[in-house]
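Dear colleague,

I am passing on the structure we spoke about, and below it you will find my notes on what came out of going through it. Please read them alongside the coordinates and tell me where you would look further.

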Amino acid sequence: MKPLMLHGHERAITQIKYNREGDLLFSSSKDNKPNVWYSLNGERLGTFNGHQGAVWCIDVDWTTSRLISGGGDNSFRIWDCETGKEIGNIEAKSSVRTCLFSYSGNMAMYTTDRAMRNNCEIFVIDVRTVDSSISQAQPILRIPIESSDTRVSSVLWDNLEDTFITGHEDGAIFQWDFKAGKMVKSIKEHSLLINDMQWNKDGTLFITASKDNTAKLFDASDLSLLKTYKTERPVNSAAISPIFDHVVLGGGQDAMDVTTTSTRVGKFDSRFFHMVFEEEFGRVKGHFGPINSVAFHPDGKSYSSGGEDGYVRVHNFDPPYFEYNFDY
Amino acid sequence: MAKKKVEDKNHQSGDNSKNEKEVNYDEEPNFSDPEGYLDNITDEELLADLLKQRPKETDGVESVIVVDGVPQIGPERLEKLKSVINKTFAKMGNIVNEYYPVNEQGHTKGYIFLEYATPAHAADAVKGMNNYKLDKQHTFQVNLFTDFAKYEEIPDEWVPPEPRPYQGQSDLYQFLLEPDAYDMFGVVVQDKDVQIWQNTQPEPSMIEKRENCTQCLIKWSPLGTFLATFHHQGIALWAGAGLTQYKKFLHVNVQFIDFSPCEKYLVTYASLPIDHPDSNKIIIWDIRTGLEKRSFNTEGSTIWPIFKWSHDDRYFGRIVNDVLSVYETPSFGLLDKKSIKNPGIRDFSWSPTDNVLAYWVAEDDNVPASVTLLEIPNRNEIRKKNLFNVADCKIHWQKAGDYLCVKVDRYTKVKKERNENKYSGMYCNFEIFHMREKEIPVDSVESKEPIQAFAWEPVGNKFAVIHGESPNINVSFYEVRVGQAPVLLKKFEKRACNHLFWSPRGQFVVLAGVGATGGGSLEFVDTHDFLVMNANDHFQLSEVEWDPTGRYVVTAVSQWKTKVDTGYWMWSFQGRILKRVNVDKFAMLLWRPRPQSLLGEEKQKETKKNLKRYYPQFEGKDRMRQSKASKELIEKRANLMKKWKDFRDEQIEKYNKLKGKRLLLRNDIDTDDIDGDTNNVEEEVVEFFIKEEITVLE
C-alpha cells in the first residue's frame, strides 16, 4: 500500500514511538516540537510545545497518559498526553540524550551527554506525582559514568524493573542492577556508536543498531550475542516484528557525507532481515536521507520510519508480506 | 641490535646512579677484585654484544677493491692512467687510497688496488664496474680484496659437489584438467590478501588464499599458466597444482611487467631514483630458467608496454627517438644489427598472427603521414598508405589477423602555437586493411563525430564504435566482408556508455558507462540480431571482465576509484545478476586466461554441430548441483530454526512464569497482548482522506 507521509516536522526526525495500543505515533525531531499522530490515517493530533532546542528522545508510558522528552536545550520534560501541556521540567547540565519510562510508568530514566566538563550521567526519578516541584526533587538514582567509559547513547529497561541496559558511544553494552545501582556485566560486540536498542515483544531479546554497519540481536538475560545483521551503511535504528521472526533496519550514509555523493550511494532503504537466518529478504525505498528511527506497530501489520529528511513514513504491509515464508 | 642493547644497559646504569646519589664521586673506589675471587665469567658471556663490535682485521680491507685488466704502461704515462682510473671509479664513491704496483722498470703490472671510503661503495664498484670495457683491449675485472682471502682458503683437494636432487616440476597445465571446466579468477584485497577462486556452480569457491602476498597487483600470463605477484624485491611466478612458487625474478621496486605471448619471456620495469645504478632499467628474463637475458635503459616513450612482442615470441621491438628497433630471440641482438630509421615514426603494432608489423609516421612539412606494413625479418614493405591532415593514429588489429583498422584523427585546420600543433575541426576516419587479400586493399569509413571507443569482435569480423558527444552518444556496429567496404549493421542511439567489452567468443558485447562520469550503466547486447538482452547498472563501476569462455561477466568497483561499495558483481552473459560480493578495500579481479583449444577446427565444428546431444548431460548435472545446494540451504535453515525454537521456548516459559510480577507493576491489568486489556477499549471515529475534488463555482 502507498505509505502515509507524515509531514509536520521542519527538521530531521530523531525518534518515533508507538504507544502500547499502537493507535498513536509519537515523533521527535530536531525542530523543537514533538508531534503525535493517528497511526491509522496519518492525521496529526497535536504538538508538544516548549523545548528550546533539538529534541533527541521521547517516550510514552503504558497508559498513554504522559509523554517524556529530552533535548539539546539541557532539559527533560514531562507532558500530559491528552492536553499537550507541559507538567514538569527538569534542568540538566548538558543535553538529554535518552529517556525512558519504567514498565509500571512510576519511574522515568534519562541520561545526559558529556559536555562542558560535565560527565555523562544516568538519572532515575519518581514520576508518580508530577508538578512544578519536580525540578527540585531528588532523583531516586544517580549514576555518573566515569570518564574512562564513553557516554550512554541508548538505554533499555526490563519489564520487571530489575535491570536496565545501556548502549555506549564506543559500542560497549552495560547491564545494571537497578536496585543496587551497580553495573553487573559489560560486553563489547560493536566497534562503534550504538544508535538505538529495542526490545522484542516480550522483553527477552533486544536488538542494537550501530554505526559499525551492523545490527545485532542479544539475549537480554546474559547479554549473549545471538545474531548479526550486516549492511554496508551505518545502522541508525532497528526493530523486531511482534508477530514474525523479522527485523527491520534503518540507516544510511551519514548526513554529513551525503552531500558529496549521490542519493543512490546513500542507501536510505529500510531493510528487512529474517531474524533467525540473518538473510535479507526485502527493502523499502522512500526516504531521501538516512533513516534515524524505525518502529513496528504493536500489531505487526505496519511499521514506520522517521528520516533525516523530516518525514515520517507509515507503511502498511501488503498481503504478500503475510504470505511470504522462508523454506526450511 | 647490539647497539641498542648497550644503550639499554647504559640506561639501566643511569637509573642505578640516580638511586645512589649519596655516593661520593671524588674518591675513586677500589675496582680490584677482592682477594681469593675467582673470575669464572668469560668475556663472551659478559660482553657478548660488545665483542661483536670488536674491530676485525678485515675492517679496513673490506673497502678495498682489486682491479685487473688495467693497461700495462711505463712510468711516463702513469699520471694519465691514474686520472682515467680515478675518473671512472670515482663514479661509484669517494676513493681514499690507491696503489699501482710496478716492476723493476717502473712498468705497471696490470692490476691496481683502490680503497673507497666505505665497504658499500666498494661493493657498488664491484657490481657496477666488473667487465667494464675501457677500450677494445682492456676489460676490467673488479673484485673485492676480501674475496681473495676467501678464494685462498679453498682446499687443494677437490671434493665433487653433491648432485642436487631432481625436483620434479608439477604439471603446469593442471588447471586445465578441471572436469567441469570451471574457470578461475584472482581477487586482490588491498593490504590484506590475494584470493584465488574457482567459479564453481552454483556458488564460487575459494581455492587459495595468500596473505601479504603482493603489492596490490597480480597478473596472469597470457595463456594462464603463471600468476605473477608483485613484491618489493621483484616478481614471483606461481604455477601448477595449488599455485606453488615457480620462479622469482629479482628487480627492486618493480612496477610494470609484461609476458611475451608464448610465455617464454618476462619483461620487468622498475623506476628507481635517478642516482641509483639500476634506475629505469628494463630487464627481459627467460621464464623457464629464471635468468636475465638482456637489460635495457629506458629512453624515449615510457608508455607501457615499451617492448611489443611478435605473436610467436621471435621478435620484439620498441621505438626510441624516431628509430624502430627490432630484436630477435633467443640471441636478444638487434635484428640484422640495424634499426629501422624513419623520422617521425610514432607508433607500431605487431599482427597477432603473422610476423608483420604496422607503423605510422606523422606528417612533416611536405611529406604526408603514412601507415606502413612491414614484413619481419626480411623488411619487405608489403603495403604503404599515405594519409593527409593527420593529427593522430591508433592501430587496431583484428584478433585473427585478417583485418587491420587504423583509426585516423584528422583535422581541417591547424595552428602552430609554441611548437605545438593546435588542431581544430576534428573528424575521424577508419582505414580498414584487408590483410588476406591480394595487394591488401584499404577501405575507409568516415565519422564526423568524436570517437569514444573502438573494438573488434574477437572472433568474427564485426567492429563496434561508440561515437558522439554526451548526451548524444551512439553505438554503431559494422561488418567487414571479403572484397567489400565495411557495412553499417546497426546503430543504437542515445546510449549512456563509454566503453565496449566484447565477449572473448564474439557475438555478445557489453556496453558500459565506466568511471565516475559513466554512471555505471550496463547493456548486454547480442549482435546476432542486435537485441538488448538486458540493461542494468552497477554504480561507479570501474572494471568489466569477461571470463575466458564468454559465459560470465564480472563488473567491479575498485578502491582505486572510490572508497564506498567496492566489490564485484557477477552476471551471466545475458545480463542476469548472479552474485553481488561487496569487499572492503577490493582492488582488482582478473580471470585466469586459457590457452587456445587443442582441438582442431574440424573437431570443434563437429562438437558444435552435436551440441544438442551433449546438452541433456550438462543440464542434468546443473540441476543436480542446484538441488543439492538448495537442499543444503534448507537443511541449514531447519537446523537454525530448531535451535532457535528450543531457545525461545525456554525464554517464553520463563517469561510466562513472571506474569504475576508484571501484573503487579501495572495495577493487575494484563498488557502482555495488545488486546489483553478489554476494559480499556474505546470506540473512535476516524476519517480517511480518500479523494480530492475541486469544483469551480460560477
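Leaving aside its neighbours within four places in sequence, A:Gln15 is in contact with A:Ser28, A:Cys57, A:Ile58 and A:Ser293, where a contact requires that the two C-beta atoms, placed from the backbone, lie within 7 Å. This residue sits in strand 2 (residues 13-18) of chain A; strands here are DSSP runs of E with at least two residues, helices are runs of H or I with at least four, and both are numbered from the N terminus. A:Gln15 counts as buried because it has 23 C-beta neighbours inside 10 Å, the term being used for 20 or more other C-beta atoms within 10 Å of a residue's own, with exposed meaning 12 or fewer, partly exposed anything in between, and C-beta atoms placed from the backbone. From A:Gln15 to A:Ser27, 12 residues away in sequence, the C-alpha to C-alpha distance is 5.8 Å.

Please bear in mind that this is a predicted model, in which local features need pLDDT of at least 70 and side-chain atom pairs count only at pLDDT 80 or more, while totals for chains, interfaces and linings use all residues. Residues are numbered from 1 along each chain as its sequence is written, and chains are lettered from A and ligands numbered from 1 in the order in which they are written.

Strand 40 (residues 552-557) of chain B is largely enclosed by the rest of the structure, because six of its six residues are buried. B:Tyr552, B:Val554 and B:Ala556 point one way from strand 40 of chain B, whereas B:Val553, B:Thr555 and B:Val557 point the other way, and all are buried.

Strand 40 of chain B pairs with strand 39 (residues 543-546) of chain B in the antiparallel sense over four bridges, with B:Thr555 as the bridge partner of B:Val544. Five residues lie between these two strands in their hairpin, where B:Gly550 takes a positive phi near 75°. Strand 40 of chain B is also joined to strand 41 (residues 567-572) of chain B, antiparallel, by six bridges, and there B:Tyr552 stands opposite B:Ser572.

By contrast, helix 7 of chain B is hardly covered, since the count of buried residues among its 47 residues is zero. Helix 7 (residues 611-657) of chain B should span 69 Å at 1.5 Å a residue, and its end C-alpha atoms, 68 Å apart, agree with that; the expected span is 1.5 Å times one less than the number of residues.

Finally, the contact between the chains takes 24 residues from chain A and 24 residues from chain B.

With best wishes

Definitions and conventions:
Pairing = 2+ DSSP bridges.
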